[in-house]
Amino acid sequence: MILHLDVNEELLSKFNAIADGLAETGFSVTDGFLSEDEVSAITSLDDFKNGLSHFKKAGIGQQRDKQINESIRGDYIRWLTKAEAPPPLQLYLERIDQLREFINQALFLSLKDAEIHQTIYPIGSFYKRHLDQFKKEDHRKLTIICYLNKNWKEEMGGQLRVYFPSQTQDILPIAGRLICFRSDLLEHEVLPAIHPRLSLTGWLLDTLH
Ligand code: OGA
Ligand code: MN
């Protein structure tokens, strides 16, 4: 199946697991989506190393309605573009494009684009319970987050808490782990952490952005 995608067997089985999770529960967790070396190449880029000075405070809502509200979310972000991203981030953007094509074929969708930002949650910051698709006309269909935190331990906090209909699940933001879920369906939150928490956060869209 899906012959024209240029990905190795290992990656293909990860793509398959993601599509299966989406079909069954609207949610998936995949470890090793980025290898340790791929993660290191990203976290040692100047903008992540220099920390918050290259990032801007994330807001809530879109364009005109956009507000900064520290009591709801405390992360700092930097949007990525294909034209400007350095090679380690290009690699990630390409992998997400491949995943998007795979998901389109496996689940009969026609997702057309991705928007992705680098993210830093400073110590003690959080993102309160929310849904990523907050308006009916929102083009965000799937949320895709890859974590970049080596040696992250339970006691450090920073879990992604996902609210399923009958239970919650807490996921540690460990390096290379990819989370993918239905943006219109699953409420979630980010718990505060005792270390800065790094990730690549994005959405697959049903339109070109
Ligand atoms: C978001 C978000 C979760 C995470 O940016 O909308 O919910 O685990 N992020 O970083
Ligand atoms: Mn979210």
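Are helices α1 and α4 parallel or oblique to each other? Before the answer, a word on what you are looking at. This is a predicted model, in which local features need pLDDT of at least 70 and side-chain atom pairs count only at pLDDT 80 or more, while totals for chains, interfaces and linings use all residues. Residues are numbered from 1 along each chain as its sequence is written, chains are lettered from A and ligands numbered from 1 in the order in which they are written, and side-chain values use heavy atoms, with hydrogens and water left out.

Let us start with the helix pair. Two packed helices are described by the angle between their axes and the distance between the axes. Helix α1 covers residues 9-25 and helix α4 covers residues 87-107; they pack at an angle of about 55°, and their axes are 10 Å apart. Helices here are DSSP runs (H or I, at least four residues), strands are runs of E (at least two), and both are numbered from the N terminus. Axes are lines fitted to C-alpha atoms, for helices over the stretch in contact, and the angles run from 0 to 180 degrees between N-to-C directions. Under 35 degrees counts as roughly parallel, over 145 as roughly antiparallel, 65 to 115 as roughly perpendicular and the rest as oblique. So α1 and α4 are oblique to each other.

Which residues meet there? On the α1 side they are Leu11, Leu12, Phe15, Asn16, Ile18, Ala19, Leu22 and Ala23, and on the α4 side Arg95, Gln98, Leu99, Phe102, Ile103, Ala106 and Leu107. Contact means heavy atoms within 4.5 Å. By class, the residues of this contact are twelve nonpolar, two polar and one charged. For the classes, Ala, Val, Leu, Ile, Met, Phe, Trp, Tyr, Cys and Pro count as nonpolar, Asp, Glu, Lys and Arg as charged, and the others, Gly among them, as polar.

Helix α4 also meets helix α2 (residues 36-43): their axes come within 8 Å and cross at roughly 125°. That makes α2 oblique to α4. Glu38, Ala41 and Ile42 in α2 meet Pro88, Leu89, Leu91 and Arg95 in α4. This contact has five nonpolar, no polar and two charged residues.

Leu89 deserves a visit of its own. This residue of α4 is buried, with a relative accessible area of 0%. Buried means under 20% relative accessible area, exposed over 50% and partly exposed in between (1.4 Å probe, protein chains only). Leaving aside neighbours within four places in sequence, Leu89 touches Ile42, Leu45, Leu80, Gln118 and Leu200. Leu89 and Leu200 are 111 residues apart along the chain, and their C-alpha atoms are separated by 9.4 Å.

Phe108 is not a glycine, yet has a positive phi of about 55°. Its relative accessible area is 76%, so Phe108 is exposed. Asn151, in the loop between β6 (140-147) and β7 (160-163), has a positive phi near 55° and is likewise a residue other than glycine. Asn151 counts as exposed at 65% relative accessibility.

Finally, the metal. The manganese ion (ligand 2) has His130 (NE2), Asp132 (OD) and His188 (NE2) as its protein donors, lying 2.1 Å from it. Donors are N, O and S atoms within 2.8 Å of the metal (3.2 Å for Na, K and Ca); water is not among the atoms, so sites may look incomplete. Along the sequence, the donor residues are spaced H-x1-D-x55-H. His130 and Asp132 are buried.
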